[in-house]
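Have the structure open as you read.

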Amino acid sequence: MFKKDMHISLLLDFYGDILSERRRELTGLYYNDDLSLSEIAEISGISRQGVRDAVKKSEAELLNLEEKLGLAGRYEELRVQLANISRELGSIELEDEVKENRLKSIAKELSELNI
């Protein structure tokens with residue numbers, strides 16, 4: 001049995017539409033729905049080995065796309081940077097209460113972004 005790499009789930013979100021519908025479905029069942037290879041084989045009507053092969057091919061393709069395009073990595077970097085900016089803005093205290101409240105409002109808006 002091979003260990004699940006949750007990074008693949010993120011890559012599936014970014015690049016999943018590039019995979020064939022069948023491979024996207026099987027890989028999604030494995031990573032996003034946390035089903036075992038045997039459970040997926042039973043649902044899909046193919047062998048456990050067939051499911052494993054499809055998932056491994058999908059993993060390789062997703063990792064290759066990320067290596068070339070780097071979208072998921074850039075997304076993660078941006079998410080961390082925005083969290084840091086939000087935290088810093090929220091900690092700033094000014095003599096001017098209006099400006100301080102505005103900065104805290106911006107920090108709150110940044111923290112609520114769905115990225």
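Is phenylalanine 14 buried, partly exposed or exposed? Phenylalanine 14 turns out to be partly exposed, at 32% relative accessible area (buried means under 20%, exposed over 50%, partly exposed in between, with a 1.4 Å probe and protein chains only).

A quick word on the background: this is a predicted model, where local features need pLDDT of at least 70 and side-chain atom pairs count only at pLDDT 80 or more, while totals for chains, interfaces and linings use all residues. Residues are numbered from 1 along each chain as its sequence is written, and side-chain values use heavy atoms, leaving out hydrogens and water.

| Residue | Relative accessibility | Class |
|---|---|---|
| Phenylalanine 14 | 32% | partly exposed |
| Tyrosine 15 | 2% | buried |
| Aspartate 5 | 37% | partly exposed |

Phenylalanine 14 sits in helix α1, residues 6-15 (helices are DSSP runs of H or I with at least four residues, numbered from the N terminus). Phenylalanine 14 and tyrosine 15 make a tilted aromatic pair, 6.2 Å centre to centre with 50° between the planes. Ring centres must lie within 6.5 Å to pair; planes under 30 degrees apart are stacked, over 60 edge-to-face, and the rest tilted.

Now for aspartate 5, in the segment before α1. Its side chain reaches the backbone nitrogen of histidine 7 at 3.0 Å. Aspartate 5 is also 54 residues from glutamate 59 in sequence, yet their C-alphas are 9.4 Å apart in space.

Methods
Rings of Phe, Tyr and Trp (its six-membered ring) pair if their centres lie within 6.5 Å; planes under 30 degrees apart count as stacked, over 60 as edge-to-face and the rest as tilted. Helices (H or I, at least four residues) and strands (E, at least two) are DSSP runs, numbered from the N terminus. A polar contact is a pair of N or O atoms within 3.5 Å; within protein, one must be able to donate a hydrogen and the other to accept it, and residues adjacent in sequence count only if both atoms are side-chain atoms.
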